Amino acid sequence: MNGNYNLSILIPAYNNTELLIRALESVKEQTIANELIILISDDCSPTPIDFKKINVFKDYFYKLITIRQKDNLGVLTNPAWLFNQVETTFFTILQHDDVLIRKDFYEDAIDRKSTRLNSSHRCISYAVFCL
């Protein structure tokens, strides 16, 4: 990671490995994919996420971390749990059933954020957050 794009993508997941794969395919196409840290939390799905299928993406990103929760945290607590794992300057949440259309979405969002970043404020822009 060169330090320009210090971004974590938080993906709370529940069931449906195939939708998660579709979401990761869209993240893989990002212009800064090799600089991204991906954190995925499976919220104790009745049909667990197949992490063997997900781990094939590990070579595309700076880091890919997958967690299966022991207990169902719920729709609000699972993303909050992921938020507490963030160690990067920037983070964003991508739902496991969403896809990114623009290949430069994250790069553009961080570039715009960096030009207006004021360290005394928590800021939101283009759905990319900074700590």
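**Aromatic pairs, cores and a buried glutamine**

Phe-57 is buried, at a relative accessibility of 4%. The model is predicted. Across the whole structure, a search finds 3 aromatic pairs. One of them joins Phe-57 and Tyr-60, with ring centres 6.4 Å apart. The planes of these two rings meet at 55°, so the pair is tilted. Tyr-60 is partly exposed, because its relative accessible area of 41% falls between the limits of 20% and 50%. A charged residue also meets this ring. Lys-28 lies over the face of Tyr-60, 4.6 Å from the ring centre.

Another pair is made by Phe-83 and Phe-91. Their centres are 5.2 Å apart, with 65° between the planes, and the arrangement is edge-to-face. Phe-83 is partly exposed at 30% relative accessibility. Phe-91 is buried at 5%.

The overall fold comes next. The chain contains 4 helices and 6 strands. Along the sequence, they follow the pattern β-α-β-α-β-α-β-α-β-β. Of the 131 residues in the chain, 43% are buried. The accessible surface comes to about 7,200 Å². Carbon and sulfur atoms account for 51% of that surface. Among contacts between residues at least 6 apart in sequence, 76% join residues at least 24 apart.

The largest nonpolar core holds 25 residues. Leu-24, Leu-36, Ile-38, Ile-40 and Ile-54 touch the most other members. Two or more core residues come from each of strand 1 (7-13), helix 1, strand 2, helix 2 (51-54) and helix 4 (105-116). Helix 1 gives the largest share, 5 residues. Ile-40 illustrates the contacts made by one core member. Beyond residues up to four places away in sequence, Ile-40 touches Ile-11, Ala-13, Leu-20, Leu-24, Phe-51, Ile-54, Leu-64, Ile-65, Thr-66, Ile-67 and Leu-82. Another core, of 6 residues, lies apart from the largest one. Its members include Leu-10, Ile-37, Leu-39 and Val-86.

Gln-30 sits in the loop between helix 1 (17-28) and strand 2 (36-42). Gln-30 is buried, because its relative accessible area of 4% is under the 20% limit. Leaving aside neighbours within four places in sequence, Gln-30 is in contact with Leu-36, Leu-100, Arg-102, Lys-103, Asp-104, Phe-105 and Tyr-106. Leu-36 is also one of the residues that touch the most other members of the largest core.

Key:
Residues are numbered from 1 along each chain as its sequence is written. This is a predicted model: local features need pLDDT of at least 70, side-chain atom pairs count only at pLDDT 80 or more; totals for chains, interfaces and linings use all residues. Side-chain values use heavy atoms; hydrogens and water are left out. Buried means under 20% relative accessible area, exposed over 50%, partly exposed in between (1.4 Å probe, protein chains only). Contact means heavy atoms within 4.5 Å. A nonpolar core is a set of buried Ala, Val, Leu, Ile, Met, Phe, Trp, Tyr and Cys residues joined through side-chain atoms within 4.5 Å. Accessible areas come from the Shrake-Rupley method with a 1.4 Å probe; for residues, only the protein chains shown count as cover. Rings of Phe, Tyr and Trp (its six-membered ring) pair if their centres lie within 6.5 Å; planes under 30 degrees apart count as stacked, over 60 as edge-to-face and the rest as tilted. A charge sits over a ring if NZ of Lys or CZ of Arg is within 6 Å of the ring centre and within 35 degrees of the ring normal.
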